[in-house]
Amino acid sequence: MFNAAVGLRKALRSSSLGGAVRLARRGGGWKWRLACAGFCSVMMPWRAIGRTFAPTWRAAGCGRSIAAPLTLRRVVNEAGFEVGITMSPEEAEQLGLKPFGDGGAENETSPRRPKLYTHGPCCSPAAAQFVVPCAGFQDADEPEQQRMAEEALEKMRLNGFVVLESLLPAEWIRKLEAEAQAFLDLPQEGLIPQPLRAGRTEGHLAFTAPWASDWLLKNELILEVVAGYMTNMLAAGRTQEEQQWGLVQWLTSGASLDWFSLPEWGPKAGPLLEAPPAGCSDVGAAADEGPFFGRISLIRTPPGSEPQKHHRDINFPGPAAQVTAQVALTQLEANNGPLAYVPGSHRMLMPGFEVVANPPLGSVVLYDSFCEHRGIEHHGRKDRYAMYYEFETRGVFSGYTATHFGPSSGEHMKAFRAFVDPELREHVLRRQGSMVGA
Ligand SMILES: O=C(O)CCC(=O)C(=O)O
Ligand SMILES: [Fe+2]
C-alpha cells in the first residue's frame with residue numbers, strides 16, 4: 001500500500017497542483033494568503049519560511065491565531081488537510097514566496113506536449129471527438145435534448161472534459177464581457193479579487209444581475225450532465241489519509257469511474273460528514289449524495305500572460321467530485337490564453353498531447369477538476385475574460401474558505417447555491433431514482 005500511495009502521490013504532484021500564496025485584503029493592508037489543495041504539505045517551503053520569519057500564523061477561515069515555532073505552524077484541519085496561513089506582501093517578498101509557490105507559470109523542465117485545437121484556423125478534425133454541437137438544444141424536443149445530454153455525458157466520462165459548442169446565445173454572452181471588466185476594475189463591497197496562477201486574476205461574483213440569471217446558470221443540458229457525471233462521494237466523511245487509501249484502491253483496480261458508485265465508497269458516517277471542517281465543502285447535508293453548486297468567479301488573463309503549469313484544480317478525492325463550467329466572455333483564440341486539457345487524465349491516462357478548447361462565443365466547456373489542464377500563453381492584445389462556476393460533492397477539499405475572495409464572498413456564494421441547487425437537485429434525484437429502479 002505504501003509504495004502504491006507514494007506512486008499516486010508522485011503522479012499527482014507531477015501535475016503541478018500544490019501550495020498557493022494568495023493575496024487578501026484584511027482591514028487596511030493586503031495580505032498574502034497561503035492556500036492549498038491536495039498535496040501542498042509536500043510542496044510548501046515550510047523550512048524556508050521558518051528560517052527567516054517567525055510571525056503569528058492565522059488559519060485561513062477559522063479565525064484562530066497561532067503563535068508557534070515552525071514545526072507547529074502548519075495549520076491542518078480535522079480531516080488532515082493543510083488549510084493555509086496569511087501574511088503581508090512584504091513578508092511574502094522577504095521570504096521569496098509567490099502565488100502558487102512558484103507563480104504557477106510553466107518552466108523549462110516541464111514537458112511540452114503537442115496541441116490539438118478544437119476550432120479556429122488551426123482546428124484539427126481529430127478534435128471533433130471532444131465537441132458536442134449544441135446550437136439547437138434550446139429548440140429541440142425532449143428526446144433530442146436527452147440524446148445530446150447523453151452524448152455530452154459520454155464524452156465527459158471518456159475524456160474528463162467536453163466542449164458544448166454554441167449552447168448559449170452568443171449575443172447575450174458578448175454583452176457580459178464589458179460587465180466582467182467593470183466588475184474586476186471597480187471595487188466591489190466585501191469582495192476582493194485574488195491573484196491566480198501565472199498572472200491571472202480571479203474574483204468571486206456578486207449575486208446580482210446579469211450573473212444571477214436562469215439562462216446562464218440553470219441550463220438544462222449542463223445540469224443534466226453534471227447530475228449524471230458526479231458520483232464520487234469519497235470525500236464525504238473521510239480524512240485525507242482515508243481518501244488517499246481509497247484512491248490507491250481505485251488506481252490499482254483499473255481506475256474506472258464506475259468504481260466510485262460501489263456502496264463501500266459512498267459517504268462515511270461520522271463527525272466529518274456531519275460538519276465538514278474548514279476548507280472542505282459543506283454543500284448539501286449528511287444524507288445527500290451527488291453534486292451541489294459550489295462557487296462562481298471571473299478570471300482575467302492579461303496580454304503577455306505566460307502559460308500555466310499543467311495542474312489539477314483538486315487532487316482529492318479524485319475524479320467525478322468537482323466539475324467546472326467555463327463560459328468564455330471574450331472570444332477564445334488559439335493564442336489569447338485559452339485552456340488546454342489532457343484527455344483521459346481524470347482516469348490517470350496520459351495520451352501525450354493536449355487539446356486547446358477555443359470554441360465560438362456562447363460555448364461552454366465542462367471539465368472535471370481532476371483532469372489535467374492549464375491556461376496557455378496569451379499573445380493577444382486585450383484582456384481575456386471568462387466566467388467559471390463549479391459543482392462539488394460534500395467534503396471535497398479545495399483549500400478555499402468562505403472568505404477567500406473577501407468578507408462577503410461567502411454570502412454571495414450561498415445566494416448562488418440557493419438559486420441553482422433546487423433545479424440541479426431535481427436532475428440529481430431523478431437520475432438517482434432511475435438508477436435505483438434500473
Ligand atoms: O486562465 C484561466 O481562465 C483559468 C486557468 C486555470 O485553470 C487555473 O488557474 O486554475
Ligand atoms: Fe485550473
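**Ligand shell, open sheet and covered elements**

Student: Which residues sit around ligand 1?
Tutor: Leu196, Arg197, Arg200, Ile299, Thr301, Gln308, Asp313, Gly337, Leu339, His373, Gly375 and Ala386. Keep in mind that this is a predicted model.

Student: Which elements give two or more residues to that shell?
Tutor: β11 (292–301) and β16 (373–375) do.

Student: And how does the shell around ligand 1 split by class?
Tutor: It has four nonpolar, five polar and three charged residues.

Student: Let's zoom out. How many helices and strands does the protein have?
Tutor: Twelve helices and 17 strands.

Student: What share of the residues counts as buried?
Tutor: 53% of the 438 residues.

Student: On to the open sheet. What is the strand order?
Tutor: The order is β7-β8-β15-β12-β17-β11-β10-β9. That is eight strands, with mixed pairing.

Student: Which strands are at the edges?
Tutor: β7 (131–133) and β9 (194–196). Each of these pairs on one side only.

Student: By how many degrees are neighbouring strands turned against each other?
Tutor: On average by 25 degrees in this sheet, with direction ignored.

Student: Start from β7. In what sense does it pair with β8, parallel or antiparallel?
Tutor: Parallel, over three bridges. Strand β8 covers residues 161–165.

Student: Which residues face each other there?
Tutor: Val131 stands opposite Val163 in β8. Val132 has Leu164 of β8 as its bridge partner.

Student: How does the chain get from β7 to β8?
Tutor: Through helix α6, residues 142–159. This β-α-β crossover is right-handed.

Student: What about the pairing of β8 with β15, parallel or antiparallel?
Tutor: β8 and β15 (residues 364–368) run antiparallel, and four bridges join them. One opposing pair there is Val162 and Leu366, the latter in β15.

Student: Is β8 mostly covered or mostly open?
Tutor: Mostly covered. Five of its five residues are buried.

Student: Which way do the β8 residues point?
Tutor: Phe161, Val163 and Glu165 point one way, and Val162 and Leu164 the other. All are buried, Glu165 included.

Student: Back to helices. Which strands does α7 lie across?
Tutor: Helix α7 (residues 170–185) lies across β10 (200–204), β11, β12 (322–328) and β17 (384–392). It runs at about 80 degrees to β11.

Student: And α9, how many of its residues are buried?
Tutor: Nine of the ten residues in α9 (220–229) are buried, which leaves the helix mostly covered. Among them are Leu221, Ile222, Glu224 and Tyr229.

Student: Last topic, Met348. Where is it?
Tutor: Met348 is in the loop between β13 (339–341) and β14 (354–357).

Student: Why does Met348 count as partly exposed?
Tutor: Because Met348 has 18 C-beta neighbours inside 10 Å. A residue needs 20 or more to be buried, and 12 or fewer to be exposed.

Student: How far is Met348 from Gly254 in space and in sequence?
Tutor: Their C-alpha atoms are 9.6 Å apart. In sequence, Met348 and Gly254 are 94 residues apart.

Definitions and conventions: Residues numbered from 1 in each chain as written. Chains lettered and ligands numbered in written order. Predicted model: local features only at pLDDT ≥ 70, side-chain atom pairs only at ≥ 80, totals over all residues. Near = placed C-beta within 6 Å. Nonpolar A, V, L, I, M, F, W, Y, C, P; charged D, E, K, R; others polar. Pairing = 2+ DSSP bridges. Axes fitted to C-alpha atoms, helices over the stretch in contact; angles between N-to-C directions. Contact = placed C-beta atoms within 7 Å. Right-handed = clockwise from strand over helix to strand, strands pointing away.
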